[in-house]
Amino acid sequence: MNGVLCFWVAFALLVAAAASSAQEKGCPKKTTTTKATTKLTTHLSTMHSTSHETSTHMTSHRTSTHTMPHTTSTHTMPHTTSTHTMPHTTSNHTTHTTLNHTTATVTTINQTSSHITSHTTIIPTTIPPVDPVGNYTVYNDSKVCLRANMGLKLIVKYNNTKSQQVLGSLQVPGPPRTKASGKCSDDMAILRLTFSEGFIQFTFLKDTAKSYTYLSDIQMKINHSFPQSKEMSFQAHNSKLHEFETLIGRSYQCKNLTLEVSSQVSVNVFQEQVQAFDLHDGQFGRAEHCPADQPSMAVPIIVGVILAVLIIIVIVAYLIGRRRSHGGYQSI
């Protein structure tokens, strides 16, 4: 029974469908088209520029640039038309999809920073010592009339703060700290040495009758503070000297000599060679040495005496021995 009922229901549906189909053919309807469009989407990658600063000592880096090609992907879905048996329904689905991928250029810039270190070395300045032995010259017009090579040291006797008498010394510096000046005449020559503490002056005379020259006068004045000294100014003068005597045209030479200017001041002259008057072409004449530098005869005399005594002793011993040998024999 149920089967017959189902058969008739199906048959009714088929008839209704056939009637509906005949009706659509007689009365056509407008076609409605639905288009589904997918919007164009463009993805653009943002370009990133990164700058790295590398602090490197004298090192250079190359910059590499990587570029990716532009890739465009286009996906197109086919137009699809679906026809349904539902009355007057037509669906057209069209999907347009465009993908634009842009790869940006990434650039890396390496900058080189050079560090230059400057080292400054301070070299200490060393002042060379001044040689106390100076070469001093006095001119008469254009000719040398006096020349002296020597070093000077002043020896001063003074009272200290305890009223005790002590000795102080002042080294006269050599050139250029000491300046030479002076003048010459036919029978007199003056040498004046000036330095920061004062001056000292030498006067030479010529004795034409006796054909020799000598130092006749020394004058000096200094301002110097000796240890524990009550005074600073010292001066002395001696005009009754008879030193450095030599024949005219010859120089006087001495290794070390002390001259007494006064009871308070003395002058020590060392490594000295001096000549006043008659210098040929400004050069020293033959040198005459001071008594202290002359060779002593005492040593040769002593040696000779010792040798003579030895010879006498040998002779006496020989004679004694010979006499004894003759006395030992008897005649037969």
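# Strands, core and loops of a predicted model

Q: In this predicted model, which cluster do ring pairs link?
A: A search of the whole structure finds five aromatic pairs. Ring pairs link three residues into a cluster, namely Tyr 158, Phe 226 and Phe 234.

Q: How many helices and strands does the chain have?
A: The chain comprises 332 residues, of which 24% count as buried. Its secondary structure consists of two helices and 20 strands.

Q: Among contacts between residues at least 6 apart in sequence, what percentage joins residues at least 24 apart?
A: The count here takes in contacts in the chain between residues at least 6 apart in sequence. Of these contacts, the part that joins residues at least 24 apart is 59%.

Q: Why is strand β19 described as largely enclosed by the rest of the structure?
A: Strand β19 covers residues 265-276. A residue counts as buried when its relative accessible area is under 20%. The strand is largely enclosed by the rest of the structure because the number of its 12 residues that are buried is 11.

Q: In which sense do β10 and β19 pair, and over how many bridges?
A: Strand β10 spans residues 143-159. Within this pairing, Leu 154 stands opposite Val 267 in β19, and Lys 153 stands opposite Asn 268. The two strands pair in the antiparallel sense, and the number of bridges is 10.

Q: Which residue of β19 is the bridge partner of Glu 260?
A: Strand β18, residues 251-260, runs antiparallel to β19 and is joined to it by eight bridges. A hairpin of four residues connects β18 to β19. In β19, the partner of Glu 260 is Ser 266.

Q: How many of the 17 residues of β10 are buried?
A: Strand β10 is described as mostly covered. The cut-off for a buried residue is a relative accessible area under 20%.

Q: Which residue in the hairpin of β9 and β10 takes a positive phi?
A: Strands β9 and β10 pair in the antiparallel sense over seven bridges, and Tyr 139 stands opposite Val 144 in β10. Their hairpin has two residues between the strands. The residue with a positive phi, near 60°, is Asp 141.

Q: Which residue in the turn between β10 and β11 has a positive phi?
A: Strands β10 and β11 also pair in the antiparallel sense, over seven bridges. Val 156 stands opposite Gly 168 in β11. Five residues lie between the two strands of this hairpin, and the one in the turn with a positive phi of about 65° is Ser 163.

Q: Over the face of which residue does Arg 192 lie?
A: Arg 192 is one of the residues in contact with Ile 200. Arg 192 lies 3.8 Å from a ring centre, and the ring belongs to Phe 199.

Q: Which residues does a cis peptide bond join?
A: The loop between β11 and β12 contains Pro 176. The cis peptide bond has an omega of about 5° and joins Pro 175 and Pro 176.

Q: Is Phe 277 buried or exposed?
A: Phe 277 is in the loop between β19 and β20, and its phi is near 75°, a positive value in a residue other than glycine. Its relative accessibility is 4%, so Phe 277 counts as buried.

Q: Is Asp 281 buried or exposed?
A: Asp 281 is found in the loop between β19 and β20. Its phi is positive, about 55°, although Asp 281 is not a glycine. With a relative accessible area of 78%, Asp 281 is exposed.

Key. Residues numbered from 1 in each chain as written. Predicted model: local features only at pLDDT ≥ 70, side-chain atom pairs only at ≥ 80, totals over all residues. Heavy atoms only, no water. Buried < 20%, exposed > 50% of the residue type's maximum accessible area, 1.4 Å probe, protein only. Pairing = 2+ DSSP bridges. Contact = heavy atoms within 4.5 Å. Phe/Tyr/Trp six-rings, centres within 6.5 Å; stacked < 30°, edge-to-face > 60°. Lys NZ or Arg CZ within 6 Å of the ring centre and 35° of its normal. Lists of a residue's contacts leave out its neighbours within four places in sequence.
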